[in-house]
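Dear colleague,

Please find the structure below, handed over for your files. My findings follow it.

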Amino acid sequence: MSFLLQFCQWLQDTSVGTQIRESTLVFPVLEGSHLLGLALMMAPVMMYDLRLVGLLWRNIPVSTVKWQFLPITFAGFFLMVSTGVLLFWSEPIKCYNSVYFRVKVIFLIIAGLNALVFHSTIDKTTSQWDSMLPTPTRARLAGVCSLVTWTMVIFAGRYTAYNL
Amino acid sequence: MSFSSLLPFTYPFFKWCDDTWLCNAIKATTWVFPLTETIHILALVVLLGSILLVDLRLLGVGIRKFTPLQIAGELRTYISWGLGIILVTGWLLFMAEPLKAYDNMAFLPKITLLFSAILFHYTIFRKASSINTLSTPILAKFAALLSLFLWFGIGVAGRAIGFV
């Protein structure tokens with residue numbers, strides 16, 4: 001038995017996991033919040049990505065779009081991570097065995113790496129291309145990569161819940 | 001609060017839907033329903049997320065450098081496409097199990113909220129979101145709260161269809 005599976009088994013048997021799993025109200029409320037929280041987190045992400053690609057907010061400097069929307073993203077991200085952790089806690093074994101959940105984790109990692117690379121390289125020079133159109137290729141690539149990977153995260157996330 | 005308990009005279013319509021070739025075609029596959037539902041959720045992210053950003057702006061929560069009209073104008077196309085896709089996929093999901101929808105306690109509230117929300121969005125809310133100043137009057141804030149209640153209510157009722 002692998003370490004990861006052992007960990008999932010242990011997590012599944014904790015009282016918190018069991019209580020969420022067996023509650024008639026907590027699980028649906030968590031899942032509903034996780035679903036509707038998508039709007040709060042993803043809409044501002046989309047605004048920034050689409051500005052990087054050059055499809056929205058073309059007349060507004062990139063840095064302005066970034067700082068108008070990023071705080072909302074953080075609030076949404078906090079909601080998604082806290083509900084997501086509790087949902088995982090309630091059924092770790094199901095997640096462990098689900099191919100879709102593994103796909104979701106992989107795309108989450110890619111999305112994180114994309115953001116990390118973008119913010120530590122091209123984003124640092126934003127002041128030099130703030131109002132430039134088209135935006136630099138690397139910025140457009142980061143925007144497209146973010147849109148695609150987050151779409152895949154949502155796709156795989158929804159499919160995790162089906163017993164296919 | 002279901003169609004079966006409050007509006008039983010609508011039964012022939014649901015029965016007719018259940019007998020159509022479309023309903024039978026969707027029922028005959030296992031992959032159409034999950035795929036349609038996932039696209040339904042992606043459209044939710046675009047539609048609900050875009051409306052949420054306008055609501056937050058009207059309420060004065062973040063995005064303070066843009067006027068409501070700037071945001072609503074920029075996102076108009078995304079809201080229209082989001083609504084179009086969510087209605088088409090929603091119709092397909094309904095056609096997969098019309099009789100289940102007829103008996104479901106969350107389906108009638110969802111449809112009621114949906115028609116109210118669309119009507120509200122293209123009348124009163126359109127007026128509120130055409131404000132082109134940075135400060136918003138109290139009535140516009142009230143419209144934003146009502147918008148949040150209606151659209152998130154649809155989301156909550158929609159998710160509840162699968163639980164009740």
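In which loop of chain B is the place of Ile63(B)? Ile63(B) lies in the loop between α4 (32-59) and α5 (68-96) of chain B. Helices here are DSSP runs of H or I with at least four residues, strands are runs of E with at least two, and both are numbered from the N terminus.

Before the remaining findings, a note on conventions. This is a predicted model, in which local features need pLDDT of at least 70 and side-chain atom pairs count only at pLDDT 80 or more, while totals for chains, interfaces and linings use all residues. Residues are numbered from 1 along each chain as its sequence is written, and chains are lettered from A and ligands numbered from 1 in the order in which they are written.

**Backbone features**

Ile63(B) has a positive phi, near 50°, although this residue is not glycine. Ile63(B) counts as buried because 23 other C-beta atoms lie within 10 Å. The term buried requires 20 or more other C-beta atoms within 10 Å of the residue's own, exposed means 12 or fewer, and partly exposed covers the range in between; the C-beta atoms are placed from the backbone.

In chain A, Trp57(A) is a non-glycine residue with a positive phi of about 55°. Trp57(A) is found in the loop between α3 (26-53) and α4 (62-90) of chain A. With 21 C-beta neighbours inside 10 Å, Trp57(A) is buried.

A cis peptide bond links Leu133(A) to Pro134(A), with omega at about -5°. Pro134(A) belongs to the loop between α7 (126-129) and α8 (137-160) of chain A.

**Chain A as a whole**

Chain A contains eight helices and zero strands. Its C-alpha trace spans about 55 × 30 × 25 Å along the principal axes. Chain A has 164 residues, of which 31% count as buried. Among contacts in chain A with a separation of 6 or more, 79% are between residues 24 or more positions apart; two residues are in contact if their C-beta atoms, placed from the backbone, lie within 7 Å.

**Where the chains meet**

The contact between the chains involves 25 residues from chain A and 23 residues from chain B. On the side of chain B that touches chain A, α4 and α9 (138-161) each supply at least two residues, and α4(B) gives the most, with 13 residues. The residues on that side of chain B comprise 14 nonpolar, five polar and four charged. Here Ala, Val, Leu, Ile, Met, Phe, Trp, Tyr, Cys and Pro count as nonpolar, Asp, Glu, Lys and Arg as charged, and the others, Gly among them, as polar.

With kind regards
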